[in-house]
Amino acid sequence: MAGHTENEITIAAPLDLVWDMTNDVANWPRLFSEYASAEILSQEGNKVTFRLTMHPDENGKVWSWVSEREADRDTLTVKARRVETGPFDHMNIRWSYAEVPGGTRMVWTQDFAMKPDAPVDDDWMTDNINRNSKVQMALIRDRIEKAAAEQGRTPGLSG
């Protein structure tokens with residue numbers, strides 16, 4: 001069995017601002033609440049390889065892994081995968097963006113499978129990702145909308 005999640009949110013901000021802020025991996029610790037650090041390991045064209053480190057969990061364990069992302073501004077999509085898979089057999093992520101009435105819709109799609117010896121199974125991880133994605137997306141929406149307001153940028157206006 002494998003896991004699949006799809007979560008989306010509409011952000012009341014111009015597409016360019018949403019794209020730029022959510023694809024600035026080095027600043028993810030200021031955008032997401034779960035990441036303590038994001039270290040860029042290499043960047044070549046639109047592909048970035050980076051190490052994410054989370055804040056300690058309830059048991060004091062710090063999770064860290066290397067991922068790579070490739071952004072395609074023309075198609076408004078980003079494909080990502082874990083290079084260091086940890087408890088996952090694989091983890092593939094697709095972000096997509098679209099201008100919609102009132103702002104920008106951002107969709108996260110994750111396809112994954114847990115390793116047989118992982119401490120949790122696909123169903124548990126699916127529920128966890130769905131629950132956490134909603135929290136992180138709402139936080140990202142609020143932070144981007146605040147930045148848009150501070151910059152006087154509203155949906156439908158580029159720049």
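Author: What follows is a set of questions and answers on the sheet, the helices and the pockets of this predicted model.

Reader: What makes E4 and E5 a pair?

Author: Two strands count as paired if at least two bridges are found between them. Strand E4 (residues 64–72) and strand E5 (residues 77–82) have six bridges, in the antiparallel sense. Six meets the cut-off of at least two, so E4 and E5 are a pair. Within this pairing, Glu 70 stands opposite Lys 79 in E5.

Reader: How do you know that E2 and E3 pair, and how many bridges do they have?

Author: E2 and E3 are joined over eight bridges, also antiparallel. The cut-off is at least two bridges, so these strands count as a pair. Glu 39 stands opposite Arg 51 in E3. The hairpin of E2 and E3 has two residues between the strands, and Gly 45 takes a positive phi near 60° there.

Reader: How many bridges join E3 to E4, and how many join E5 to E6?

Author: E3 and E4 pair over seven bridges, in the antiparallel sense. Leu 52 stands opposite Trp 65 in E4. E5 and E6 pair over five bridges and are antiparallel as well. Val 78 has Trp 95 in E6 as its bridge partner.

Reader: Which residue in the turn between E5 and E6 has a positive phi?

Author: That residue is Gly 86, with a positive phi of about 55°, in a hairpin with five residues between E5 and E6. In the hairpin of E4 and E5, with four residues between the strands, Leu 76 takes a positive phi near 55°.

Reader: What makes E6 and E7 a pair?

Author: E6 and E7 share 12 bridges in the antiparallel sense. The requirement is at least two, so the pairing holds. Phe 88 has Met 114 in E7 as its bridge partner. The hairpin has two residues between E6 and E7, and Gly 102 in the turn has a positive phi of about 90°.

Reader: Which residues does Ala 71 touch?

Author: Ala 71 is in strand E4. Leaving out residues up to four places away in sequence, Ala 71 touches Trp 19, Asn 23, Asn 46, Thr 77 and Val 78. Contact means heavy atoms within 4.5 Å, so each of these residues comes within that distance of Ala 71.

Reader: What lines the largest pocket?

Author: The largest pocket holds about 1000 Å³ of space. Its lining has 34 residues, and Glu 34, Met 54, Trp 65, Arg 82 and Asn 128 lie nearest the centre. H3 gives the largest share of that lining, seven residues. The lining divides into 22 nonpolar, seven polar and five charged residues.

Reader: Why do Asn 23 and Ala 71 count as lining the second largest pocket?

Author: A lining residue has an atom within 4 Å of a pocket point. Asn 23 and Ala 71 are among the 14 lining residues, so each meets that cut-off. The volume of this second largest pocket is about 190 Å³. E2, E3 and E4 each supply at least two residues of its lining.

Terms used
Residues numbered from 1 in each chain as written. Predicted model: local features only at pLDDT ≥ 70, side-chain atom pairs only at ≥ 80, totals over all residues. Heavy atoms only, no water. 1 Å grid on protein atoms, 1.4 Å probe; cavity = no way out; pocket = protein on both sides within 12 Å on 5 of 7 lines; lining within 4 Å. Points joined across faces, edges and corners; volume = space filled by probe spheres on them. Nonpolar A, V, L, I, M, F, W, Y, C, P; charged D, E, K, R; others polar.
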